[in-house]
Amino acid sequence: MENKVEKAGELFHCGYNCAQAVFAAFAPELGIDSETALKLSSSFGGGMGQLREVCGALSALFMVAGIKHGYALPDDPDAKKEHYALVRELAEEFKARNGAILCRELLALQGKTESGHGKGCEDLVRSAAAIAVEKL
């Protein structure tokens, strides 16, 4: 099996945003073609369209969790509750490893400005992919 963490890092290094890099690395096992995965996750880079809100790598981790363990029925409160608990667990793990979940805070921790990203963002991509491999 291809190493998802390495694949996510390679995709980011090729120029895809953080969300695209993580989500597309898992696309084959999720039954999604690469182009669809890249388009679907394209809005989440830079903390949601460069708004610097929730880290795009973390958003992609949530998307992977949704496809693998999400719920689809509106009248299944237990499934909803379980899924949201999983999302919170993933967020807590990401924060424990990286210090924050918001893009702007992560950039500040890296010493980056709001207008750019750097090697640290690739590390966040790899971190989100590693959490997906370990927890999902």
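Student: Which residue forms a salt bridge with Glu-53?

Tutor: A salt bridge needs a side-chain nitrogen of Lys or Arg within 4 Å of a carboxyl oxygen of Asp or Glu. In this predicted model, Glu-53 pairs with Arg-104, and their closest N and O atoms are 2.6 Å apart. The pair links distant parts of the chain, 51 residues apart. Glu-53 sits in the loop between helix H4 (45–48) and H5, and Arg-104 sits in helix H7 (residues 103–110).

Student: How should I read the accessibility of Glu-53 and Arg-104?

Tutor: Buried means under 20% relative accessible area, exposed means over 50%, and partly exposed is in between. Glu-53 has a relative accessible area of 32%, so Glu-53 is partly exposed. Arg-104, with 29%, is also partly exposed.

Student: Where do Glu-89 and Lys-135 lie?

Tutor: Glu-89 forms a salt bridge with Lys-135, with 3.8 Å between the closest N and O atoms. Glu-89 belongs to helix H6 and Lys-135 to helix H8 (residues 119–135), so this pair ties together parts that are 46 residues apart in sequence. Glu-89 is partly exposed at 38% relative accessibility, and Lys-135 is partly exposed at 36%.

Student: How many residues apart are Arg-97 and Glu-93?

Tutor: They are four residues apart in helix H6, about one turn of the helix. Arg-97 is partly exposed, with a relative accessible area of 35%, and Glu-93 is partly exposed, with 22%.

Student: How many salt bridges does the count come to?

Tutor: The count comes to nine. Some residues are linked in a network of salt bridges, namely Lys-4, Glu-29 and Lys-68.

Student: Which residues form the negative surface patch?

Tutor: A patch takes residues that have no salt bridge, and like charges are joined within 9 Å. Here the negative patch consists of Asp-75, Asp-76, Asp-78 and Glu-82. Asp-75 lies in the loop between helix H5 (56–69) and helix H6 (77–98). Because its relative accessibility is 63%, Asp-75 counts as exposed.

Student: What does the secondary structure of the protein chain come to?

Tutor: The chain has eight helices and zero strands. Its pattern along the sequence is α-α-α-α-α-α-α-α.

Student: What radius of gyration would a compact globule with 136 residues have?

Tutor: It would have a radius near 14 Å, and the protein chain agrees with 14 Å. The C-alpha trace spans about 45 × 25 × 25 Å along its principal axes. Of the 136 residues, 45% count as buried.

Note on methods: Residues numbered from 1 in each chain as written. Predicted model: local features only at pLDDT ≥ 70, side-chain atom pairs only at ≥ 80, totals over all residues. Heavy atoms only, no water. Patch = residues over 30% accessible without salt bridge, like charges linked within 9 Å, V, L, I, M, F, W, Y side chains within 5 Å. Areas by Shrake-Rupley, 256 points an atom, 1.4 Å probe, with all protein chains shown as cover. Lys, Arg positive; Asp, Glu negative; His and termini not counted. Charge placed at Lys NZ, Arg CZ, Asp CG, Glu CD. Helix = DSSP H or I, 4+ residues; strand = E, 2+ residues; numbered from the N terminus. Buried < 20%, exposed > 50% of the residue type's maximum accessible area, 1.4 Å probe, protein only. Rg over C-alpha atoms; globule rule 2.2 N^0.38 Å.
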